[in-house]
Amino acid sequence: MISVSVRIAAPPAVVFPYFTDPQLMVTWIGERADLDAQPGGTFAIDFGGTSARGSYLAVEPPHRVVFTWGIPQDATLPPGSSTVEVVFVADGGDTIVNLTHRDLPPDREPSHREGWERCLAVLAAAVGQ
Amino acid sequence: MTPEPGEPEAPAGPDVVLRALADPHRRQILRLVQHAELPAGQIAAHFDLTQQAVSQHLTVLKRAGLLAERRAGTRRLYSLRSESLQPLRTLLDEFWPDALGRLKQSVERAHPRTERRRPT
């Protein structure tokens with residue numbers, strides 16, 4: 001599980017659409033985004049040679065958005081296999097963005113303790129190898 | 001752990017490691033040798049590949065620092081060097097922080113806050 005927070009000097013209503021509007025999404029992640037921000041709707045981002053694919057599970061502007069995350073070409077991290085939850089907390093005029101990327105399906109091999117291969121698939125997508 | 005013989009391996013950068021991992025056969029090889037040291041022939045037996053192709057995959061993995069090679073008599077035994085994955089784990093740990101850093105910049109650039117300069 002990965003948890004990350006960032007404080008942004010803008011209210012949640014401003015920050016939230018950066019996770020749901022394709023034009024805003026590509027200003028900070030990926031090069032192309034195809035987003036249908038409603039439960040069950042498409043979540044698709046392209047990075048260089050790879051892509052992240054999933055679907056929105058929850059869209060609750062401007063407080064919370066949840067989407068699944070996976071890599072189509074990689075059997076170890078198929079679309080839908082991991083979940084990203086983003087919670088927007090108003091603080092003064094700022095927003096605290098709390099992002100949690102949780103797992104990543106149980107390994108097919110129990111001995112494969114660290115699941116590093118799945119992590120690397122995410123990484124590969126991230127760096128657009 | 002005894003130091004591995006053979007040609008010295010320069011520390012491989014993340015790009016080299018990622019390229020080595022980009023191939024499903026090579027990932028499968030790493031799975032095979034993750035907990036057991038295996039000779040090349042036994043690794044090759046798991047694949048529908050020529051011995052030469054498997055040998056090439058082993059070379060790529062060795063160059064990336066992912067595979068340790070040990071000679072035992074006439075055999076060469078291979079095992080995973082899991083420590084070589086640590087730099088990639090570190091990079092992965094930085095993925096979302098980096099992305100959120102860009103998000104922050106993007107939002108704050110698009111929505112500069114002017115009221116901070118005003119007295120309240």
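Figure 1. Where pLDDT is low, the predicted coordinates should not be read in detail. Across chain B the mean pLDDT is 81, and 77% of residues reach 70 or more. For the complex, the predictor gives an ipTM of 0.78 and a pTM of 0.65. Residues are numbered from 1 along each chain as its sequence is written, chains are lettered from A and ligands numbered from 1 in the order in which they are written. As the model is predicted, local features need pLDDT of at least 70 and side-chain atom pairs count only at pLDDT 80 or more, while totals for chains, interfaces and linings use all residues.

**Figure 2. Chain B carries five helices and three strands.** Helices (H or I, at least four residues) and strands (E, at least two) are DSSP runs, numbered from the N terminus. Along the sequence, the pattern is α-α-β-α-α-β-β-α. Chain B has 120 residues, of which 26% count as buried. A residue is buried if 20 or more other C-beta atoms lie within 10 Å of its own, exposed if 12 or fewer, and partly exposed in between, with C-beta atoms placed from the backbone. Among contacts between residues at least 6 apart in sequence, 63% join residues at least 24 apart.

**Figure 3. The strands of chain B form an open, antiparallel sheet.** The order is S1-S3-S2. Strands S1 (38–39) and S2 (67–72) of chain B stand at the edges, each with a single partner strand, so one side of each has no neighbour in the sheet. Two strands pair if DSSP finds at least two bridges between them. S1(B) and S3(B), residues 75–80, pair in the antiparallel sense over two bridges. Pro39(B) has Leu77(B) in S3(B) as its bridge partner.

**Figure 4. His35(B) lies in the loop between H2 and S1 of chain B.** His35(B) counts as exposed, with 12 C-beta neighbours inside 10 Å. Leu80(B) is 45 residues away from His35(B) in sequence. In space, their C-alpha atoms are 7.6 Å apart.

**Figure 5. Helices H2 and H4 of chain B pack at an angle of about 75°.** Their axes, lines fitted to C-alpha atoms over the stretch in contact, are 10 Å apart. Angles run from 0 to 180 degrees between N-to-C directions. H2(B) is thus roughly perpendicular to H4(B), a term for angles of 65 to 115 degrees. H2(B), residues 24–32, brings His25(B), Arg26(B), Ile29(B) and Leu30(B). These meet His57(B), Leu58(B), Val60(B) and Leu61(B) in H4(B), which spans residues 51–63.

**Figure 6. Ala90(A) sits in strand S6 of chain A.** S6(A) covers residues 82–91. Ala90(A) is partly exposed, with 14 other C-beta atoms within 10 Å. Leaving aside neighbours within four places in sequence, Ala90(A) contacts Pro11(A), Pro12(A) and Thr95(A). Arg7(A) is 83 residues from Ala90(A) along the chain, and their C-alpha atoms are separated by 9.7 Å. Chain A has three helices and seven strands. Of its 129 residues, 38% count as buried.

Notes
Contact = placed C-beta atoms within 7 Å. Parallel < 35°, antiparallel > 145°, perpendicular 65-115°, else oblique. pLDDT = per-residue confidence, 0-100.
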